[in-house]
Every structure is written in C-alpha cells, then in structure tokens.
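Here is a short note for a first look. Please keep the view open while you read the points.

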Amino acid sequence: MNLIAHGALDIRMLSAHTSRAARLYERTEHCIWTDDHVGRQMLKYHLDPDLDSASMKHSTIDNQVGWIAARMGGAPTMDLLDIGCGPGLYCERFHRLGFRVTGLDCNRHSLHYASARAKQRHLPIRYVHANYVHLDYRDQFDVITLINKDFGALVPEERDKVLTAVHRSLKPGGRFVFDTLSLQWFARLREISSFSVSNSEGFWSPSPHIVLEQVLLYPEWHTELERQIVIASDGDVRVFHNWLIYYTGSEVEQMLRSVGFEVVERNPFLSDEKYGDPGLYLGFIARKH
C-alpha cells in the first residue's frame, strides 16, 4: 500500500487509516510477531534482561518458573508446552528443572535463536514454528503455559479456539498456567495519538520513516486498540493492529469452566514476587477435568 498517487500524498487514504476501525477486532496484513523487521526487533527486546516489554525481566522469569514448578510436582515425568515461547527463556528454565519441554511460537527469528541455542548447548528442547491459535495436539502435555499477558491479545474467536485447543492438548488432570490484565488496568487507559520521525533505522522500519501511533478504546467491550501506521520515505505504508481485551477474574473463570477446566489457584504475578499493584493483573492455574 502506498500513500503517494500521481506524485501527491493521498490524504484521504491516510485519513481512512487513522479513523476508528471499521470492525471491532479487525486485523491488518502486518503483525508485529511475523513482520520480518519488527520480528528481529522483538527478539532484541526479549533478550534484554532488564526490560519488561516483549518478555518480563529475566529475574522475574526465574521467579515465575520456580513458583510454577513448585506447584506442578514430579517435573522429571512431566511434558510441558510453552505457547508463545519467544526465544525460549521459559523453556530453558523449565528444562533445567527437569521438565520435558516443547516451545511453540510464530516469530521465526525468536524460534531460530531458541533452536540454535538448544542445539549449541545440547538441550533436548523441541521448538515448533506455528501460531498457537491453531494448536493441534491431543492428550499430550501435563502442563501448558501462556505467560506475559498474551491471553488478552487474543480476539474472542481466537481466545475460544485457544482455550478449546489447550484443553484438548492436555492429558486428563493437566494444568494450564496463564496470565492477563484486569479491568482495573483498562480503567487507567486514555485515548492518545502521537507521531515520531526517524532519520534512520528504528524499531518499526529499517529505513527512514514516520510512525503515527494511536490508542483507541472501546469501553463497551473492555477493549483497546494499539495501532501503528508506519510510513516510509517512498510512501509505502504498513499498519499494525494490536487488540487487547481486559477481564474480571470471574469472566475468565467462567470461560475456563465452559470448556472443562477448574481453577485451582489464582496469583496475579504467577510468582511470590510482586512487581506492581496486584489488582492490575490476573493469573491462573486451571486443571483439565
């Protein structure tokens, strides 16, 4: 898509891209997890041990993995699947504690990094390049993890598919461990529009570019749209939509019950560490009936 037509900037096209989404949960062609350049940048953010962005701080990951493992018991006999595994930060830590680990992610740069590390260090971790919305296992895992709030980035159709697929993929009595953001977080949000100009490579593009960023709120559905419109110097445009849905704990528990889970523990941080206001976060361990 290009904003320059007949030697001029197409303002109407730009206006259309900055208006509210025509359809709730409308996806765009480009995705931060699969875009080649942005995927490389996301890997850098994952690997920075002191950032809470693509991944949690690595010290927080250590605490979360230890907390989860302590509640599973019998790690040497357990098969664990980490969906949205990124570069394997959780996978490697669970492996060190004795789990048989599979990691699954759609960012090929992160998967290549994770696979190369596993091969170099002779770690028997299996990595799968796939979108976990299309998870296709049956009665195979004792534990499935989805950590760092990815649950809230699933639009309703995807969320329902994932919950059903996770339930199907777990062995009887298997547990699903995940977290998300609460309605208290949504209440703090405000709509914003901003722009930035980069004269060189940046997070969103390998060449000079402008980024128009928006946060749009849909209160009736407790939903936020984070939108980035990336305009290159030649007029090429890439639009990224990141939808985020915020929940109450009772809403999530009802969804879990509807597909055959029971909640066995709630902890907003999935850890003994507290890294913020506990009312902003939701964390669950759910058991398959």
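1. Start with burial: a residue is buried under 20% relative accessible area, exposed over 50%, and partly exposed in between (1.4 Å probe, protein chains only). I210 comes out as partly exposed because its relative accessibility is 34%. I210 sits in strand β9 (residues 209–218). Helices (H or I, at least four residues) and strands (E, at least two) are DSSP runs, numbered from the N terminus.

2. A word on the source: this is a predicted model, in which local features need pLDDT of at least 70, side-chain atom pairs count only at pLDDT 80 or more, and totals for chains, interfaces and linings use all residues. Residues are numbered from 1 along each chain as its sequence is written, and side-chain values use heavy atoms, with hydrogens and water left out.

3. Now the core. The largest nonpolar core has 36 residues, and I83, V166, F176 and L256 touch the most other members. Helix α6 gives the most to this core, with four residues. Such a core is a set of buried Ala, Val, Leu, Ile, Met, Phe, Trp, Tyr and Cys residues joined through side-chain atoms within 4.5 Å.

4. Aromatic pairs number 17. Y137 and F141 make an edge-to-face pair, 5.1 Å centre to centre with 90° between the planes. Rings of Phe, Tyr and Trp (its six-membered ring) pair if their centres lie within 6.5 Å; planes under 30 degrees apart are stacked, over 60 edge-to-face, and the rest tilted. Y137 counts as buried at 13% relative accessibility. F141 is buried too, at 3%.

5. F151 and Y247 form a tilted pair, 5.7 Å centre to centre with 55° between the planes. F151 lies in the loop between β6 and α6 and Y247 in the loop between β11 and α8, so the pair ties together parts 96 residues apart in sequence. Both F151 and Y247 are buried. Ring pairs also join F151 and Y247 with F176, F178, F261 and F284 in a cluster.

6. How many salt bridges does the structure hold? The count is 19. Each is a side-chain nitrogen of Lys or Arg within 4 Å of a carboxyl oxygen of Asp or Glu. R20 and E191 form one of them, with the closest N and O atoms 2.9 Å apart. This pair links distant parts of the chain, 171 residues apart. R20 is partly exposed, at 40% relative accessible area. The charged end of R20 also sits over the ring of Y218, 4.5 Å from its centre. That label needs NZ of Lys or CZ of Arg within 6 Å of the ring centre and within 35 degrees of the ring normal.

7. D139 and K288 form another salt bridge, with the closest N and O atoms 3.0 Å apart. D139 is partly exposed, at 40% relative accessibility, whereas K288 is buried, at 9%. Finally, salt bridges link D79, R100, D142 and K171 in a network.
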